[in-house]
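Q: Please examine the aromatic residues of this model closely. Which of them form one aromatic cluster?

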Amino acid sequence: MEGVNQLPSQQLFFQAVFERSNEAIVIIDFSDRLVEVNPATCNLFGATKNELIGDLISNWFDFPLDNEITEVQWQQADGNSKTIEYSLVKDLLPNYRILV
């Protein structure tokens, strides 16, 4: 199996992973604004990418942001409730965090 460094384009590889993941992935800056979201995030929040980008995470996700895996009851846009797990990766890059 080829290592990621040997793939024709690492950027395309990681973009495909981000875009095609079934898990919601959110990149947040240190002012708590959403910088990037994947389609699974849009589905979970019931919003478009344009509605989410630039907005405060607290307007969409009102749970504590910490490193630990946390399980919560999530109220979906359609009114249904489900249990989700999330965790925050701090210092993904300087000034950015990732919420999965």
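A: One aromatic cluster is formed by Phe45, Trp60, Phe61, Phe63, Trp74 and Tyr86. The model is a predicted one, in which local features need pLDDT of at least 70 and side-chain atom pairs count only at pLDDT 80 or more, while totals for chains, interfaces and linings use all residues. Residues are numbered from 1 along each chain as its sequence is written, and side-chain values use heavy atoms, with hydrogens and water left out.

Rings of Phe, Tyr and Trp (its six-membered ring) pair if their centres lie within 6.5 Å; planes under 30 degrees apart count as stacked, over 60 as edge-to-face and the rest as tilted. By this rule the count comes to 8 aromatic pairs. In one of them, Phe45 and Trp60, the ring centres are 6.1 Å apart and the planes stand at 20°, so the pair is stacked. Because Phe45 belongs to helix H2 and Trp60 to the loop between helix H3 (49-52) and strand E3 (70-75), this pair ties together parts that are 15 residues apart in sequence. Helices (H or I, at least four residues) and strands (E, at least two) are DSSP runs, numbered from the N terminus. Phe45 counts as buried at 8% relative accessibility, whereas Trp60, at 25%, counts as partly exposed; buried means under 20% relative accessible area, exposed over 50%, and partly exposed in between (1.4 Å probe, protein chains only).

A further pair joins Phe63 and Tyr86: their ring centres lie 6.3 Å apart with the planes at 40°, so the pair is tilted. Phe63 lies in the loop between H3 and E3 and Tyr86 in strand E4, so parts 23 residues apart in sequence are tied together. Phe63 is partly exposed, its relative accessible area being 25%, and Tyr86 is buried, at 3%.

Another aromatic ring, that of Phe30, has the charged end of Arg97 sitting over it, 5.0 Å from the ring centre. The criterion is that NZ of Lys or CZ of Arg is within 6 Å of the ring centre and within 35 degrees of the ring normal.

Of its 100 residues, 29% count as buried. The C-alpha trace spans about 45 × 30 × 25 Å along its principal axes.
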